[in-house]
Amino acid sequence: MNIEKFTPEINKVYFIDSYSLIHILSGKGSIQVDFKNYSDWQEKAIFLEKGQYIKFLSDDFEVRKIVFSDETKFYNKEVRVLFKHLISLGYIDLMECEECQNFLSETVLFEGAADIIDISSKQWYWQNPFNANKEEYQIIFDTKDIIDQEFANNLTSLDLVGLINDRGYGAQTLIKDKIGITVKNLMGAKRLMESKKEIAFTDKSIQEVSYDMGYNDPSYFNRTFKNATGQTPKEFRENFDFENRDLFAQTVLELLKEHHQEERALAFYAEKMNVSVKTLSKKVKAKMNTTMGQLIRSELLYSAMQLLQEGERITSVSERLSFEEPNHFSSFFKHYLGITPSEFLSKKYHK
């Protein structure tokens, strides 16, 4: 097990080449994992498997990364639930796992400490994100294993489920019931994500990527990709800008950090960037895979939690963040975090 603490560069792609736990010690703003942005990562331990990447969309993060060298551990079906993501990040909620917090504390974390993987998988099952029993989870993750192996082979849903041994055909109904999407959609999402990686991180031609992803017709691949992302593969490659990392995202985030407490209007930020609101919105979506509204909300929520942690009264936080009334602030807070500011404090949803 290798443990590293570091301050990541803004907007840099960090590739994951070994099974890893990411523990964000401090910082605000969003993170991006496999082209999806997340702003609700606070108080969570995030698990990433080989082949994924993470980007930090702010310059004030401090991160602890724990890399696990014993790969045989990850063939264990009880453990794979942490790393083999279905529709979101694999994580455990540290506020609900005292044993996890103890392991990740500065004083306890060392070689030979309690096994964080076993602790975390136990916590994950306790969180029970899809309200399934363990046998149902094994069927779901057996299906995901096969999707990860076969996504480029043009299997039908029935072909796919037929590969899940003798437990087979109940998988389609089970996955739709527990996860809310079909096996076909899971397969499509995997193929799209891998297509994005090939386009963003390699210099392969678009035609070559389309063949590698199991498409016989590059024109059909282009249409399918654009329908899913709103961009052609060529536009996606240019906008992701892996090699150059242009300053657009950094400029937007710096403006938000400086002005989010007083300014919510997209027109304000568009003027600062010397573009139209439409252009700003389009470029944020293309380059950051999110919206300006989501970025503003993320900054507001983080500032709110930080101010509450520092002992500010709810009425004072509401005023500082330019809400008209404290009850408007409380409603906003609960809508996006699921708890009121009072509950956040009383249940100690902070370090």
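**Entry 1: Ser322 and the end of the chain**

I started at Ser322, which at 36% relative accessibility counts as partly exposed. I'm working from a predicted model, so I keep that in mind throughout. Ser322 sits in the loop between helix H15 (314-320) and helix H16 (326-337). I looked up its backbone too: phi is near 65°, a positive value in a residue other than glycine.

The charged end of Arg264 sits over the ring of Phe323, 4.9 Å from its centre.

Then I went to Arg320, which forms a salt bridge with Glu312. Their closest N and O atoms are 2.8 Å apart. Buried or exposed, or in between, for Arg320? Arg320 comes out partly exposed, at 38% relative accessibility. Glu312 is partly exposed as well, with a relative accessible area of 23%.

**Entry 2: Ser303**

I moved back to helix H14 (residues 292-309), where Ser303 is found. I wanted to know what Ser303 touches beyond its sequence neighbours. Leaving out residues up to four places away in sequence, I get Lys28, His260, Gln261 and Leu321. Ser303 has a relative accessible area of 3%, so I log it as buried.

**Entry 3: Helix H12**

Which residues of helix H12 (residues 266-273) are buried? I noted Phe268, Tyr269, Ala270 and Met273. I remind myself that an α-helix has 3.6 residues a turn, so residues three or four places apart point the same way. The buried residues of H12 pack against helix H11 (248-259), helix H13 (277-288) and H14. After H12 comes Asn274, and its phi is positive, near 60°.

**Entry 4: Another positive phi**

I find Asn128 in the loop between H3 and H4. At 22% relative accessibility, Asn128 goes down as partly exposed.

Close by in my list is Lys134. Its charged end sits over the ring of Tyr125, and I read 4.4 Å to the ring centre.

**Entry 5: The sheet**

What is the strand order in the open sheet of 5 strands? I read S1-S8-S3-S6-S9, with antiparallel pairing. The edges are strand S1 (2-6) and strand S9 (90-93), and each of these pairs on one side only. From one strand to the next, the twist averages 20°.

I zoomed in on one pairing. Strand S3 (residues 20-26) and strand S6 (residues 44-48) run antiparallel and are joined by 4 bridges. Within this pairing I looked at Leu21, which stands opposite Phe47 in S6. What packs on the sheet here is helix H3 (residues 116-127), touching S3, S6 and S9. The direction of H3 makes about 85° with that of S9.

**Entry 6: Salt bridges**

How many salt bridges are there? My count comes to 17. I picked out Lys84, which bridges to Asp145 with the closest N and O atoms 3.3 Å apart. Lys84 lies in the loop between helix H1 (80-83) and S9, while Asp145 is in helix H4 (residues 134-150), so the pair ties together parts that are 61 residues apart in sequence. I checked the accessibility of Lys84: the value is 12%, and the cut-off for buried is under 20%, so Lys84 counts as buried.

Lys204 and Asp212 make another salt bridge, with the closest N and O atoms 2.8 Å apart. I have Lys204 as partly exposed, at 23% relative accessibility. Asp212 is also partly exposed, at 35%.

**Entry 7: Aromatic rings**

I find 32 aromatic pairs in the structure. Which residues do ring pairs link into a cluster? I wrote down Phe15, Phe35, Tyr53, Phe201, Tyr215, Tyr220, Phe221, Phe225, Phe236 and Phe240. For a follow-up I'd go pair by pair, since a pair of aromatic rings is described by the distance of the centres and the angle of the planes.

Technical notes: Residues are numbered from 1 along each chain as its sequence is written. This is a predicted model: local features need pLDDT of at least 70, side-chain atom pairs count only at pLDDT 80 or more; totals for chains, interfaces and linings use all residues. Side-chain values use heavy atoms; hydrogens and water are left out. Rings of Phe, Tyr and Trp (its six-membered ring) pair if their centres lie within 6.5 Å; planes under 30 degrees apart count as stacked, over 60 as edge-to-face and the rest as tilted. A charge sits over a ring if NZ of Lys or CZ of Arg is within 6 Å of the ring centre and within 35 degrees of the ring normal. Two strands pair if DSSP finds at least two bridges between them. Helices (H or I, at least four residues) and strands (E, at least two) are DSSP runs, numbered from the N terminus. Axes are lines fitted to C-alpha atoms, for helices over the stretch in contact, and angles run from 0 to 180 degrees between N-to-C directions. Contact means heavy atoms within 4.5 Å. Buried means under 20% relative accessible area, exposed over 50%, partly exposed in between (1.4 Å probe, protein chains only). A salt bridge is a side-chain nitrogen of Lys or Arg within 4 Å of a carboxyl oxygen of Asp or Glu.
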